[in-house]
Amino acid sequence: MILKGSETSKKVAHPALMPRPSSKCFIFDMEHIKLLCFKDKCLILNPDPESTHSFIKGLEAQFKFADNYENGDSAMRLLHQKSVQFQDFEHVILENALEYVVQKFRRHLHIIKPALEILLEQIESNPETNGLKRLLAVKKSLAEFEQNVDLVRKTVWNILSD
């Protein structure tokens, strides 16, 4: 079988989480993560981008089970890893994928917040500068970010309500 490659570095415009009961799998397509997950295997459709590499490393760490406290693992991390043994494979994948998306959103806010605070202070101290134009650009960026978060929220909400 030959599959046509697609542009893998772009994030998806419309997030999707689609269960496929007849195939006993689900399709996950949010931000930079595109995967097809079955009961016992997960096909990551875009493994090359760096953002997907960190997701894959997180999954690998999730499925490694330590018998002792090697490498300074905390008790909570060890407890979480042990609990994975009793969860279905596809639920672990879904949980990690959603967690990755939420962490990405949090990182974005963490990065933009200090810059926005500095910009607001500059505008407050000298309102006649080009700060208002920069503030408009930030506003547009935040509106786009809010739209992305809302699309993911709606996608998850729709799947939970079904």
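Cys37 is buried, with a relative accessible area of 1%; buried here means under 20% relative accessible area, exposed means over 50%, and partly exposed lies in between (1.4 Å probe, protein chains only). The structure is a predicted model, in which local features need pLDDT of at least 70 and side-chain atom pairs count only at pLDDT 80 or more, while totals for chains, interfaces and linings use all residues. Residues are numbered from 1 along each chain as its sequence is written, and side-chain values use heavy atoms, with hydrogens and water left out.

The structure contains zero disulfides, a disulfide being a pair of cysteine sulfur atoms within 2.5 Å. The cysteine sulfur closest to that of Cys37 belongs to Cys42 and lies 4.6 Å away, which is too far for a bond. Cys42 is partly exposed, with a relative accessible area of 22%.

The largest nonpolar core was examined next. Such a core is a set of buried Ala, Val, Leu, Ile, Met, Phe, Trp, Tyr and Cys residues joined through side-chain atoms within 4.5 Å. The largest has 16 residues, of which Phe26, Phe28, Leu35 and Phe55 touch the most other members. Two or more residues each come from strand E2, strand E3 (33-38), helix H1 (50-62), H3 and H4. The most are given by H3, with five residues. Helices (H or I, at least four residues) and strands (E, at least two) are DSSP runs, numbered from the N terminus. Leaving aside neighbours within four places in sequence, Phe26 is in contact (heavy atoms within 4.5 Å) with residues including Leu17, Leu35, Cys37, Ile93 and Leu94.

Asp29 is located in strand E2. Asp29 counts as buried, at 19% relative accessibility. Its side chain makes a polar contact with the side chain of Lys34 (3.3 Å). A polar contact is a pair of N or O atoms within 3.5 Å; within protein, one must be able to donate a hydrogen and the other to accept it, and residues adjacent in sequence count only if both atoms are side-chain atoms. Not counting residues up to four places away in sequence, Asp29 also touches Val12, His14, Pro15 and Ala16, among others.

Helix H4 (residues 131-161) has 31 residues and reaches 44 Å from its first C-alpha to its last, close to the expected 45 Å; the expected span is 1.5 Å times one less than the number of residues. The buried residues of H4 are Gly131, Val138, Phe145, Asn148, Val152 and Thr155. These residues pack against strand E1 (16-20), strand E2 (25-30) and helix H3 (89-125).
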